[in-house]
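Hello,

Here is the structure I promised to pass on to you. Please open it first, and then read my notes below.

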Amino acid sequence: MRRPILAANWKMHKTIAEAVAFAEAFRPLVADAAAEIVLAPPFTALAAVGRALAGSNVKLAAQNVHPEKQGAFTGEIAPPMLVELGCAYAIVGHSERRALFGESSAFVAQKAAALLAHDVLPIVCVGETLAEREAGRTFEILESQLMGSLVEVPPTRAADVVIAYEPVWAIGTGKTATPGIAQEAHAMIRAWLDKRFGAAAQRMRIQYGGSVKPENAAELMAQPDIDGALVGGASLDPSSFARIAKFEENAK
Ligand code: PGA
């Protein structure tokens, strides 16, 4: 059985004070949650949020990382720095980084490998644009992103990698993929992982991301190959993200 993983991607939102206020309000709301719950604040708030979450069941993630351990990379953050902050996970290859900052799958692959080497688990994002979907190229794009981004992951570490399927047309638009469309893509991703990693593919979690809200989380999570969610906008409010994290209660 794959344990669902719900992650909040705050992007460039929340000062330290706002992030700590969220963490303090949020942790009691999810103390009894069955799923794994992760918060990814901006780098500046990681230390303070980590302290505010100490002793709770909520884990910490970074939104990005540089593959090198140290060096002349102005403005970048290295894996050992994330380890020191207590990050359990880091998001890599988010579509905003791919589109706005020119990140290639090859660079994402280096980041994922560097994270695994430091035992910070990568959340590797993939997803097609609207134009690619309308041109019937969804699976081809996903395959190429998966192949490129996971090229350095050995089968022995595959189960430590989380995939986030985030159709670009659903991110921040309010247009969630229907559970059927999302499941179709997730099943294709699982089949690809199975070819690449063998049996470990059954243990790999695949999150859906793109306009996940308390109202649609349970229905998405009920799909056989959807094992969690990566949530942007609806994760900025503690009670909203708590309802998503405890999606089973909405299903009742
Ligand atoms: P959204 O963002 O939930 O605001 O659509 C998701 C993401 O980009 O990870």
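A word used throughout is "buried": it means under 20% relative accessible area, with exposed meaning over 50% and partly exposed in between, using a 1.4 Å probe and protein chains only. Helices (H or I, at least four residues) and strands (E, at least two) are DSSP runs, numbered from the N terminus. With that in hand, helix α9 (residues 214–221) is largely enclosed by the rest of the structure, because six of its eight residues are buried. Those buried residues are P214, N216, A217, A218, L220 and M221.

Before going further, please note that this is a predicted model: local features need pLDDT of at least 70, side-chain atom pairs count only at pLDDT 80 or more, and totals for chains, interfaces and linings use all residues. Residues are numbered from 1 along each chain as its sequence is written, and side-chain values use heavy atoms, with hydrogens and water left out.

Helix α10 is mostly covered too, with six of its eight residues buried. They are P238, S240, F241, A242, I244 and A245.

Rings of Phe, Tyr and Trp (its six-membered ring) pair if their centres lie within 6.5 Å; planes under 30 degrees apart count as stacked, over 60 as edge-to-face and the rest as tilted. The structure holds four aromatic pairs. One of them is F22 with F26, a tilted pair at 5.2 Å centre to centre and 35° between the planes. Both residues belong to helix α1 (residues 16–29), where they sit four residues apart, about one turn of the helix. F22 and F26 are both buried. F26 also pairs with F241: the ring centres are 5.4 Å apart and the planes are at 20°, so this pair is stacked. Here distant parts of the chain are linked, since F26 is in helix α1 and F241 in helix α10 (residues 238–245), 215 residues apart. Together, W10, F22, F26 and F241 make up one aromatic cluster.

Two rings also have a charge over them, which requires NZ of Lys or CZ of Arg within 6 Å of the ring centre and within 35 degrees of the ring normal. The charged end of K14 sits over the ring of W10, 5.3 Å from its centre. R97 lies over the face of F101, at 4.2 Å from the ring centre.

Now for the ligand. A residue is near it if one of the residue's heavy atoms lies within 4 Å. There are 13 residues around the ligand, and K11, H94, E166, G172 and S211 come nearest. A polar side-chain atom of H94 lies 2.7 Å from an oxygen atom of the ligand, while for N9 the corresponding distance from a polar side-chain atom to a ligand oxygen atom is 3.5 Å. G233 places a backbone N or O atom 2.8 Å from an oxygen atom of the ligand. The protein covers 95% of the 280 Å² of accessible area that the ligand has on its own.

Finally, a note on the backbone. Most residues other than glycine have a negative phi. S211 has a positive phi near 55° and is located in the loop between β7 (205–209) and α9. At 15% relative accessibility, S211 counts as buried. D119 has a positive phi of about 60° and lies in the loop between α5 (105–117) and β5 (121–126). At 56% relative accessibility, D119 counts as exposed.

Enjoy exploring it!

How values were computed: A polar contact is a pair of N or O atoms within 3.5 Å; within protein, one must be able to donate a hydrogen and the other to accept it, and residues adjacent in sequence count only if both atoms are side-chain atoms. Accessible areas come from the Shrake-Rupley method with a 1.4 Å probe; for residues, only the protein chains shown count as cover.
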